[in-house]
Amino acid sequence: GIHLRQAAQRGDDQEAGLHERGPPPTSPRRRAASGSALRPPVQSSAPSAKGATVTDDRPAALAVAPPQAAPSPSRFMLRPVANAACIEMDDLRKTFDRCETSDGRGGGEPVPTAAAASPLRGTPIPVLARVACPRSLEPDCARGFAAPAAQCLRRTAPLLPALLGWRNVVFAAAVFDDVQTARLIQAAADTWLQMTGGADLFLATDGDDARPDEQIAPITSDSTTVTIHRCPSCRGIRCPPSAAHQTSPAARSTSSAFGRSPGCVRRREGWLARTKVLDMLGAMAERYLGGGVATPAPAAKLFFIKFDPDTILLPHTLLRLLREIHASVDPLAPLLVGMAACRAYATPPGHTAPLCHAAGGAGYVISPSALHRLHSVAAAIRSAEPAAAAGPPSALPGLFSAVDNVSYGGEDVTVALALKKATGASVVSCGSFYQHNPAKYARMRDKGERWVRWPLSRSPVSFHKFKRPDELRAFFSCALYDRRGRPRPFPRSLLPQGPDNASSAASAAPYRCADPWQTPPR
């Protein structure tokens, strides 16, 4: 059997010097081969829908420390600065090291030893376990990075998990009624999602998607809870030309539950997907955090990762990064973490710094505090949608108009601007989230384009744009992990032609090998 999740978790814990005990996961491939249930527990986000019970033992919320005579322990946490173009992850690390060594006054030197102090019950986190986060090459990010990157705060916090695990993580993706997209989601479930047992998978589709929830959900292990959400304002089917502008109450009242009637009032955005993604984030806030309350209570879900169906995430690297953020950044800080991209061609009104966002294809991380603030944005767009769905651009919600005035209008820049307006939050840039696959970066390098630092990171977090399921599976098994779930050496194994990362043959070298669980030829 292939115990990817167990092997990867064990290897990551040994590398980080941390241990999280629990029953060994069931191999999804073995379970499917044995003829047992092929469907995961599928839950609908609709209040009236009935879903299967959650199969793992995670608590509904984290317990608050009971009253004690002794004072509550405090610890240093970082509060990232607001209204910067971007914040480099390495700059946050330098600030945290100064906090630890100079009692928060900022005058000390970085930790000179092999370990940096961790707020997780004093457990040392080896510096070598930190994920390499190359600095951004975006000019706006390089010129406008925050210095200092954060403030040192002492926090007296309720009891938090001794060790962040996959049970504290939600993966989310926007999908639609498309065979290729469904196959890509299943390829993800067969590869990297196997290694994230205990995490939730949240899929948002269009309101007119006629597929049942069980068909939308991929086949996963019993340790993964899948939730299907239908965006009430989103439409995947084209309107008949004669009905494209029917927005009267009478036309809207003729719409069926799935929006297939001539009265097309839902929004069809295609790859922009900003309505669907914002609605998805709002629905996750309602499901996991209790909505848009001002001060969120401690929650079992501490990180929300938005990814695209054609994206591969590397679980062992991602978990290390999440654990470091959890150990060092104020849990009340609104966070947006990913690969910084500065594609706005104008500074938004009322802002002094350029607008940089986390590239959506590479995936990005959202904290509970940020998700709470996005809940109110999603609610406002929901209320505006019925009147604006088929109207002219001037009738779009204010946020969408602002995004269209300064950028190309995608969901990633929309999320960044919404957070910037609501909280001043700046994207935290980690260059190990990759917007393209390694072969694409090699071809771009051959043409003289320099989008990312070369060679690629030794600890990549994600790669994007695997448009074919077989390509995604082959890259996972030939370049990323061996059959025991152990990561292959990076960046040497990312490109098939050799250890020097020469790129001349990258365009003709597909990600495949004779035995998908053997090292590809060098």
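This briefing covers selected salt bridges and one β-sheet of the structure. The model is a predicted one. Side chains of opposite charge can pair when their charged atoms come close.

- Arg 93 and Asp 90 form a salt bridge, with 2.8 Å between the closest N and O atoms.
- Both residues belong to helix α3, which spans residues 89-101; Arg 93 and Asp 90 are three residues apart, about one turn of the helix.
- Arg 93 has a relative accessibility of 6% and therefore counts as buried, the cut-off being under 20%.
- Asp 90, by contrast, is partly exposed, at a relative accessible area of 25%.
- The pair also belongs to a network of salt bridges that links Asp 90, Arg 93, Asp 97, Arg 130 and Glu 324.

**Salt bridge between two loops**

- Asp 177 forms a salt bridge with Arg 211, in which the closest N and O atoms are 3.6 Å apart.
- Asp 177 lies in the loop between β7 (169-174) and α5 (179-190), and Arg 211 in the loop between β8 (200-206) and α6 (213-216), so the bridge ties together parts that are 34 residues apart in sequence.
- Asp 177 is partly exposed, with a relative accessible area of 46%, whereas Arg 211 counts as buried at 10% relative accessibility.

- The side chains of Arg 473 and Asp 190 meet in a salt bridge, at an N to O distance of 2.8 Å.
- Because Arg 473 lies in helix α14 (residues 469-480) and Asp 190 in helix α5, this pair ties together parts that are 283 residues apart in sequence.
- Arg 473 counts as partly exposed, its relative accessibility being 31%.

- Strands of a sheet pair through backbone hydrogen bonds, either parallel or antiparallel.
- Strands β12 (residues 336-338) and β15 (residues 364-366) run antiparallel and are joined by two bridges.
- Leu 336 stands opposite Ile 366, a residue of β15.

Notes: Residues are numbered from 1 along each chain as its sequence is written. This is a predicted model: local features need pLDDT of at least 70, side-chain atom pairs count only at pLDDT 80 or more; totals for chains, interfaces and linings use all residues. Side-chain values use heavy atoms; hydrogens and water are left out. A salt bridge is a side-chain nitrogen of Lys or Arg within 4 Å of a carboxyl oxygen of Asp or Glu. Helices (H or I, at least four residues) and strands (E, at least two) are DSSP runs, numbered from the N terminus. Buried means under 20% relative accessible area, exposed over 50%, partly exposed in between (1.4 Å probe, protein chains only). Two strands pair if DSSP finds at least two bridges between them.
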